[in-house]
Structure formats: structure tokens, C-alpha cells
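I opened my notebook and went through this one piece by piece. Here is what I looked up, in the order I wrote it down.

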Amino acid sequence: MSSFVLKLIAIITMLIDHAAIVFWSYLPQPLPEIMRCVGRVAMPLFCFMIAEGFYHTRNVRKYAFRLLVFAAISELPFDLMLGRVTLDMLERGKFWNFGAQNVYFTLLLGLLGIWFYDMFAAKNMKWMSLVSILAAGAAAELLSTDYGIFGVFFVFVFYVFRDSRAGKAAGFTTGVLAYTCYNIARSGWRLTLGSTRSLFELVSLAPILLYNGKKGPGGKALQYIFYVFYPAHMLILWLVRYAVYGR
């Protein structure tokens, strides 16, 4: 599979996931819960592509800046989609809810983590390499980014074990199991589909392990379409809900 195919799978499953969030109250159960389970495939693929992007990019600074720009652009659609910002709040000039940040911030921190990890590792500063990843994960938790430290960890695993399928599978599976235990603990140790849905992230291993290292269809225009899709689809979903249901 090319990176183009992986990105397509990621945005399609993400769209299904976010549609479930936006229309949860208006869909018959258990459909939205099933849709959210399908959506678990998306995030690991994005983390994997960040690790691959770091390996292939000619300019990490521009790559990081691009993620930062789209993180800022995506925050209002993210907050609107989740109901953290409403129309009355917009009228009062509140355009950002600092209680949670969108996934672009997680991916940016993952990129920064492996960037500094790589720089310190090249200087044989192993402890500083690990500190870089821990600092990126801590920042994700402090900022309450989507997936938090686990998203940063996934990027790290896919980068460190880039040349080892067994390493990728083992590291990623360990992370997913830890994330699932975390979600179960947050739910009061109740085993429900909601608290264990993160196990469906393991499905993403199939396309990741089938990745052939090729780009597939490319070009700047297509690259930015993938970037824009994230804020655009959240805004459209919110507008559709507002137009149909008035909230």
C-alpha cells in the first residue's frame, strides 16, 4: 500500500468517527458506537505517516510549521464539532476552548519529539533523546491534546521501529493495550464497548504492515487537500447538524 492509500483510509475512517460524534443523538444505537470503533483506525495511520514524513522530508522546520498552522486553523472547527464552542460563545468573541486541543497538536508534538530524539541520538546523548520524547508526551497531556501522550508514543514507536515490522507491531500493540487500560480506568473500571473501543486501533496494523514505502499519486495540491480535509470536514459536519437540528 502507498502512503496515498493509507491517507485515504485514515480520512475516511476519521470522517465516519466524527459523523458518529456529531450525530450521536440522532442515530439508532448501536450504529454510532460501531462507527466510533471504525474510526479508531484513523489515528494510528496519521501517527505512522508523521513518522514517515519526518524520515522523507527535506525541511523539518517547514513540516512542523505547516502542522502548527493547520492545528491553529482546525481548533475552532474542532471545538464547534464537539460542542465546546457554541454560537452564543462566538457572539461573545470566544473562539477557542482551551480544555482540549485537536489532533494536529498531538501530531506536531510527536514530530517535535522524534526530531529532538534524532538530534540527541546522533550526538550519542541517549538520556536526552528519551527526555525529548517524554517532554513531548508531557506537553500533550498538559495541553490536553487529542490522544495525548499515547499519540506521541505511537509516532515514536513507528519512527524507532521503522525498519522492523515485529518491532512496530509489538510496540504499537503495547501502546494500544496501555491506552485501553487507561480508558477502562477512566470509566470506573467498567468493561464496555466505549471503554474498550481503542482495541480496534489494532486493525490499523494491517495497512501499516502492508505499506510499500511508495507515495502513490502526489503533488502539492493533493498534499494540501489532505491537510485541509481535517478542519473542513469538521466544520461541514457541524454546519449540517446546525442546519438540520438547529444546534
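**Entry 1**

I started with H3 and H8, which are oblique to each other. Their axes come within 8 Å and cross at roughly 50 degrees. Then I listed who does the touching. On the H3 side I found Met43, Pro44, Cys47, Phe48, Ile50, Ala51 and Phe54. On the H8 side the contact is made by Gly151, Phe154, Val155, Phe158 and Tyr159. A reminder to myself that this is a predicted model.

**Entry 2: helix H1**

Next I checked which residues of H1 are buried. I wrote down Ser3, Phe4, Leu6, Ala10, Ile11, Thr13, Met14, Asp17, His18, Ala19, Ala20 and Val22. What covers them? The cover includes helices H2 (31–39), H3 (42–56), H4 (60–81), H11 (205–209) and H12 (220–245).

**Entry 3: the cores**

I looked up the largest nonpolar core and got 58 residues. Leu67, Tyr104, Leu111 and Phe158 have the most contacts inside it. The elements giving two or more residues to this core are H1, H3, H4, H6 (103–122), H8 (148–160), H9 (165–186), H11 and H12. Apart from it lies another core, of five residues, and Val85, Met89, Leu90 and Trp238 are among them.

Leaving out residues up to four places away in sequence, Leu67 touches Ile50, Tyr104, Leu107, Leu108, Leu111 and Tyr227.

**Entry 4: the backbone in the loops**

The peptide bond from Gln29 to Pro30 is cis, with omega near 5 degrees. Pro30 lies in the loop between H1 and H2.

Ser144 is not a glycine, yet it has a positive phi of about 55 degrees. I found Ser144 in the loop between H7 (126–142) and H8. Tyr147 is in the loop between H7 and H8 as well. Tyr147 is not a glycine either, and its phi is positive, at about 75 degrees.

Tyr147 is buried, with a relative accessible area of 11%, which falls under the 20% cut-off.

Tyr179 sits in helix H9. Tyr179 is buried, with a relative accessible area of 13%. How far is Tyr179 from Ile149 in space? They are 9.5 Å apart, C-alpha to C-alpha, and 30 residues apart in sequence.

Last stop was Ala221, which has its place in helix H12. Ala221 is exposed, because its relative accessible area is 60% and the cut-off is over 50%. I checked its distance to Ile114 too: Ala221 and Ile114 are 27 Å apart in space, C-alpha to C-alpha, and 107 residues apart in sequence.

How values were computed: Residues numbered from 1 in each chain as written. Predicted model: local features only at pLDDT ≥ 70, side-chain atom pairs only at ≥ 80, totals over all residues. Heavy atoms only, no water. Buried < 20%, exposed > 50% of the residue type's maximum accessible area, 1.4 Å probe, protein only. Helix = DSSP H or I, 4+ residues; strand = E, 2+ residues; numbered from the N terminus. Contact = heavy atoms within 4.5 Å. Core = buried A, V, L, I, M, F, W, Y, C linked by side-chain atoms within 4.5 Å. Axes fitted to C-alpha atoms, helices over the stretch in contact; angles between N-to-C directions. Parallel < 35°, antiparallel > 145°, perpendicular 65-115°, else oblique.
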